[in-house]
Number of protein chains: 2
Amino acid sequence: MSPSATATSAASSTATLYDVIERRRDVRAEFTGEPVPEETLLRVLGAAHRAPSVGMSQPWDFVVVRDPVVRRAFRDHVADERDTFAASLPPERRSTFDKIKVEGICESSMGIVVTHSQDRGGQHVLGRHAIADAGLFSSVLAIQNLWLAATAEGLGLGWVSFYREPFLRDLLGIPAAVRPIAWLCVGTVSHLETVPDLERHGWRSRRSLADAIHDNAWRDHA
Amino acid sequence: MSPSATATSAASSTATLYDVIERRRDVRAEFTGEPVPEETLLRVLGAAHRAPSVGMSQPWDFVVVRDPVVRRAFRDHVADERDTFAASLPPERRSTFDKIKVEGICESSMGIVVTHSQDRGGQHVLGRHAIADAGLFSSVLAIQNLWLAATAEGLGLGWVSFYREPFLRDLLGIPAAVRPIAWLCVGTVSHLETVPDLERHGWRSRRSLADAIHDNAWRDHA
């Protein structure tokens, strides 16, 4: 390619990526429950599976949960945990929280449970001897690839974290050495909101980028 | 847009994203050290800053390290940790490891240290009461956005994990309540390799996607 063709291609590639990053939402209320074609699901999981991983350990797995009985059991557990969190809040925060939907487990097309196996990669994982969590970080990177791929495919994804890990492990028969790190509601949607739910409902507003950047050393922005 | 225009746009958006995900490499040897324009760096950090976060806590910060003195001190520490890991290996693995470069700290254009603040978001972080690590996961999601944005911009990125967190905290004056979770070497590159370094050097090969997918419940693939 000529230099200008390369520049155009790079510009279009960044514009598209930034658009997907911007459109990505944490979806709860917009799922329609239509089936997702198998080839679409495989592309999305393939994107997750191409994430970087410490020592190329690829410590993630994906449990795709379509079974409505399993999903209802998980939803009931999440409802209990929602109540637990609500009970911990002061009255003003509680009334804000009451309006916020925290999951779309049964309304989505499927759940995708992402797990992390610290045993994957054997005894000598390159890059993990000093930082044990480097393995866990890899599994989380896979989730962001999955999320962006789902968004680009026109699907919605919502990460549910109102649950206890032992409950989810028991529900899906996950071995003790494997940690379930996320239940992702994935599926067709009516639309994606342009403003995040928590901002729209007045729970919290966004921090400025400038506040997050430090030069050469930490400085307190306060 | 007509349905077919929408479909075309979705197809081009997924193709571009999948291409960036596929091209992304964990870079060590290909850095050229040229300066990165400030507006490019801000777009890349802006992509990181638009990551999802539990309860919209945005618990990450980015310390951009260009100072060569700081970088040399970190590189020397990493060299020691490399020796520590090498000494733990059986002879056959060690000779494979000896050929593998683990960092490009001084050759890259800059280091970006990503930190995680568990205190961010106050006492009641929505979605974190049952899973304390949900905050940490958010900071890791930001890293994957950063990595893909750097790749789309034609830059390289290499995550260094051969270090002890207390050393890096002291080096950058990071407060005790904040955890440095990654040193990312970021910068201009001669090219990106098409095969990951660890695969090319025979350290480890990739797992198949089919082995990572489970239906409705965990099953052992062995």
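**A helix pair in chain B**

In H2(B), the residues Arg43(B), Val44(B), Leu45(B), Ala47(B), Ala48(B) and His49(B) meet Ala142(B), Ile143(B), Asn145(B), Leu146(B), Ala149(B) and Ala150(B) of H5(B); contact requires C-beta atoms, placed from the backbone, within 7 Å. By class, this contact comprises nine nonpolar, two polar and one charged residues; Ala, Val, Leu, Ile, Met, Phe, Trp, Tyr, Cys and Pro count as nonpolar, Asp, Glu, Lys and Arg as charged, and the others, Gly among them, as polar.

The model is predicted: local features need pLDDT of at least 70 and side-chain atom pairs pLDDT 80 or more, while totals for chains, interfaces and linings use all residues. Residues are numbered from 1 along each chain as its sequence is written, with chains lettered from A and ligands numbered from 1 in written order.

Helices (H or I, at least four residues) and strands (E, at least two) are DSSP runs numbered from the N terminus. The axes of H2(B), residues 38-49, and H5(B), residues 134-152, come within 7 Å and cross at roughly 145°; axes are lines fitted to C-alpha atoms, for helices over the stretch in contact, and angles run from 0 to 180 degrees between N-to-C directions.

Elsewhere in chain B, E1(B), residues 60-65, pairs with E2(B) in the antiparallel sense over six bridges, pairing requiring at least two DSSP bridges. Here Val63(B) stands opposite Val113(B). On E4(B), residues 178-187, eight antiparallel bridges join E2(B), and Pro180(B) is the bridge partner of Thr115(B).

Terms used
Contact = placed C-beta atoms within 7 Å.
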